[in-house]
Amino acid sequence: MFKIITEAVSTVTSPQRLKQLVSLPLYKNAFFLMSDTAVTSLGGFFFWMIVARFYSEAEVGYGSAIISALNLLLLFSIVGLNFSIVRFLSEAKKPNEFINSSFTISGLISLAIATIFVTGIDFWSPALGFIKTNPIFAVAFVGVAAITTLSAITDAIFVAKRRAGFVLLKSAIFSAIKIPLPFAFVLFLHTFGVIASWGIALAISLAISLFFLLPRVENGYKPVPTLNMNYMRDTWRYSGSSYLASIIAFTPRMILPLMVVNILGRESNAYFYVAWMIGNLLFAIPYSVSRSLFAESAYSQESIRSNVTRAIKFTYLLTIPALIVMVVTGKWLLLAFGASYSANGLVLLWLICCSSLPLGITSVYTSILRARNKLAELTTIQGLGSVAVLGFSYLAMPALDILGVGIAWLGVQLVFGIILAIRLSIWMKQIGREEPHQ
């Protein structure tokens, strides 16, 4: 780690090395993806700050829980196609058919799953049962769920084509549109105003991507419903395994707000969600670098070892100073939402931010597993981690309130980060011994 930090500092202080750094696709796309998350998070920060100021804490709690539910449904609806697109789009003989088939399948699945969720919402999340009682709200929820899924597929296409700059542009459009909308809806729609603002902005950014940005990435592209099952048959095993691994990995992040609102109440969920949202700013660094690493591995397996080294250096070069800044400014960031958010969420925010350090290793290691098709090991690691986070959070919440979630989350990330750092070190040494003989 000391060697990595030393080399990172020498890179930052050398204009020539910095110029070489930004010219590499791994770093360039990682930078765009981090900027995308920064823009999305900053837009989300101002969006939720406005919502927190003009809507009640109960409406903030309900609204955040509904958006968490939409993101959870996204995991089930995308069926691993986002990973298959990054892995196989560069090899597709008819990329337009591949893209439109991915849109069609994921869209239909999303509509079906969202409908099932609304129908059984009294069982899945009783606190959100009011969605089903309002037909307009129920239909809007299903529609926004489908838009959320198609938007994620679009991002995967941009990443696969090494055009992550369009992911950033799409998010900037989404953020710019959604921020003023809560003002228009606050007097009439209440909780639904939060979701309407989110959904309308997302729909506009998706339309711009489909009709203006995607044709610039793939020549001759037109969004036409297509169902070419040949592509799906060729990639179904990889998609299925990635689908399972994604659900296992990201389900805790979507379930935790629902767990908090049902166990601790809507006000506690408002405090938890805001701290969680701000803390996720730091997660953008390891996640973005690992996504870029995965995309580069789809183009060249031979350079994976050198790219892994670069990815680790780049991750900690950015994560360490960002963590310090977040810890120092966390109190004031929460105060922007109100004094009660700072009083109840500051320590939780610190715990979440600190978890970005072990996540740097975990993200790189899981990207290697995806690139090398070792999805069984990936699923096992993520399954154990998810069960641990949810289990310890459930046990800790009654005694420690939302702080229990932060302790459980950080503890699990530390344990897995240490274990995977050891495994990563062993793998790097093995590859190093093999390379001279290749």
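Is Ser393 buried or exposed? Ser393 counts as buried, because its relative accessibility is 0%. Buried means under 20% relative accessible area, exposed means over 50%, and partly exposed lies in between (1.4 Å probe, protein chains only). This is a predicted model, where local features need pLDDT of at least 70, side-chain atom pairs count only at pLDDT 80 or more, and totals for chains, interfaces and linings use all residues. Residues are numbered from 1 along each chain as its sequence is written, and side-chain values use heavy atoms, with hydrogens and water left out.

**The chain overall**

- The chain has 19 helices and zero strands. Helices (H or I, at least four residues) and strands (E, at least two) are DSSP runs, numbered from the N terminus.
- The chain holds 438 residues, and 57% of them count as buried.
- Its accessible surface is about 18700 Å². Carbon and sulfur atoms account for 69% of that surface. The areas come from the Shrake-Rupley method with a 1.4 Å probe; for residues, only the protein chains shown count as cover.
- Take the contacts between residues at least 6 apart in sequence: 82% of them join residues at least 24 apart. Contact means heavy atoms within 4.5 Å.

**Around Ser393**

- Ser393 sits in helix H18, which covers residues 375-400.
- Setting aside neighbours within four places in sequence, Ser393 touches Leu256, Val405 and Ala408.
- Val260 is 133 residues from Ser393 in sequence, yet their C-alpha atoms are 9.4 Å apart in space.

**Salt bridges**

- The structure holds four salt bridges. Each is a side-chain nitrogen of Lys or Arg within 4 Å of a carboxyl oxygen of Asp or Glu.
- One of them joins Lys170 and Asp155, at 3.1 Å from N to O. Lys170 is in helix H10 (residues 164-178) and Asp155 is in helix H9 (residues 135-160), 15 residues apart. Lys170 counts as buried at 4% relative accessibility. Asp155 also counts as buried, at 17%.
- Another pairs Lys161 with Glu218, with the closest N and O atoms 3.1 Å apart. Lys161 is in the loop between H9 and H10, while Glu218 is in the loop between helix H12 (191-217) and helix H13 (229-263). The two are 57 residues apart. Lys161 is partly exposed at 27%, whereas Glu218 is buried at 12%.
- Arg423 and Glu377 also form a salt bridge, at 2.9 Å from N to O. Arg423 lies in helix H19 (residues 402-434) and Glu377 in helix H18, so the pair ties together parts 46 residues apart in sequence. Arg423 is partly exposed at 41%. Glu377 counts as partly exposed at 23%.
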